[in-house]
Amino acid sequence: MPDNAQQFASDNYSGICPEAWAAMAEANQGHQRAYGDDEWTARAADHFRRLFETDCEVFFAFNGTAANSLALASLCQSYHSVICSETAHVETDECGAPEFFSNGSKLLLARTENGKLTPAAIREVALKRQDIHYPKPRVVTLTQATEVGTVYRPEEVRAISQTCKELGLNLHMDGARFSNACASLGCSPAELTWKAGVDVLCFGGTKNGMAVGEAILFFNKALAEDFDYRCKQAGQLASKMRYLSAPWVGILQDDAWLRYAGHANRCAQLLAAQVEDVPGVSLMFPVEANGVFLQLSEPALAALTARGWRFYTFIGAGGARFMCSWDTDEARVRQLAADIREVMSA
Ligand SMILES: *Cc1c(COP(=O)(O)O)cnc(C)c1O
């Protein structure tokens, strides 16, 4: 297969969607004020406020690691701790950045059900120790959609935020795939965030068809104090900010963000349906967003790799992750499914 054939390893293997690309080209005319004082950045922030039906504070960062880490750092002091799931990106894939940017706030791991935190799991961790020798819990972070392709329903987020309120915790949402969650649930962005008690959302653009960029939305505006300084100090203030913000205008203005997420989700459903009856194949998690986690045999995984397929196997022996993107071709999904069928019967 050609080097640039569509793959399912990650949704960041895909390129830039036409809407984001066109907005960047449109922004690439003439001069504009720098460091976010430009009209594109103002327009993007206004789009977010309209989309979320609230007057939130909006910031832009280059990637998700920075967005999550800086957001978490703004929610706690160095002696505080952050409760997250054992599979959370902040724990497994950010190289200690949340601890680094918060000057040492410790991540406390909670058990999950299908990748999701529950009020009981949060309570267990938060109440385990309350003495001076242990870092004081101050934040819960949950990932929507989760790292294993499941989604939190609005009532689940609400139950978690209720627990947070009782325990004096702020609630952060890693929304690297927030679009996929919205498309999957058919809920409004507001219902899944501030209306359900989320204080801060990191909204992913990269995996939704942009080149780079995540937006950080503070629904609890008091928590955004000096966040601009935090971004600047961390090297996250783009001087030509219009190129980070214009693509957001491009994907938000006509709902491309939601259409593409829906397409990726449907491709994941298609893949799951196509391999459902293959002997020896089982789904590791319910398919609720754009990821399909399959349990296959080790020889089958090796055979798929030999056929040129790329996928991640970080979920344990025989487990493979297949992610669909905004531009995933259905014919390619069928081709992958047919190859899975073949290698499993070899
Ligand atoms: C991709 C991803 C991020 C962002 O990662 P970066 O590589 O830093 O942009 C954050 N959270 C989750 C769950 C992700 O999958």
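User: A polar contact here is a pair of N or O atoms within 3.5 Å (within protein, one must be able to donate a hydrogen and the other to accept it, and residues adjacent in sequence count only through side-chain atoms on both sides). How far is H89 from the ligand on that basis?

Analyst: In this predicted model, a polar side-chain atom of H89 lies 3.5 Å from a nitrogen atom of the ligand. Local features need pLDDT of at least 70 and side-chain atom pairs 80 or more, while totals for chains, interfaces and linings use all residues. Numbering runs from 1 along each chain as its sequence is written, and side-chain values use heavy atoms, without hydrogens or water.

User: And what of D174?

Analyst: An N or O atom in the D174 side chain is 2.6 Å from a ligand nitrogen.

User: Which residues are around the ligand?

Analyst: Taking residues with a heavy atom within 4 Å, the shell consists of N63, G64, T65, N68, H89, E94, T143, E147, D174, A176, R177 and K207.

User: How does that shell divide by class?

Analyst: There are one nonpolar, six polar and five charged residues around the ligand. Ala, Val, Leu, Ile, Met, Phe, Trp, Tyr, Cys and Pro count as nonpolar, Asp, Glu, Lys and Arg as charged, and the others, Gly among them, as polar.

User: Which helix gives the largest share of the shell?

Analyst: Helix α3, residues 64-75, with three residues. Helices are DSSP runs (H or I, at least four residues) numbered from the N terminus.

User: New topic: which residues lie nearest the centre of the largest pocket?

Analyst: H89, D93, R177, K207 and R321, out of 25 lining residues. On a 1 Å grid over the protein atoms alone, a pocket is an open set of points with protein on both sides within 12 Å along at least five of seven lines, a cavity is a set where a 1.4 Å probe fits but cannot get out, and lining residues have an atom within 4 Å of a point.

User: What is the make-up of that pocket lining?

Analyst: The pocket lining has six nonpolar, eleven polar and eight charged residues. Helix α3 gives the largest share, three residues, and α4 (89-92) supplies at least two.

User: And which residues line the largest cavity?

Analyst: The cavity is lined by D11, N180, K207, N208, Y260, A261, A264, N290, C324, S325 and W326. Five are nonpolar, four polar and two charged. Helix α12, residues 256-275, gives the most, with three residues.
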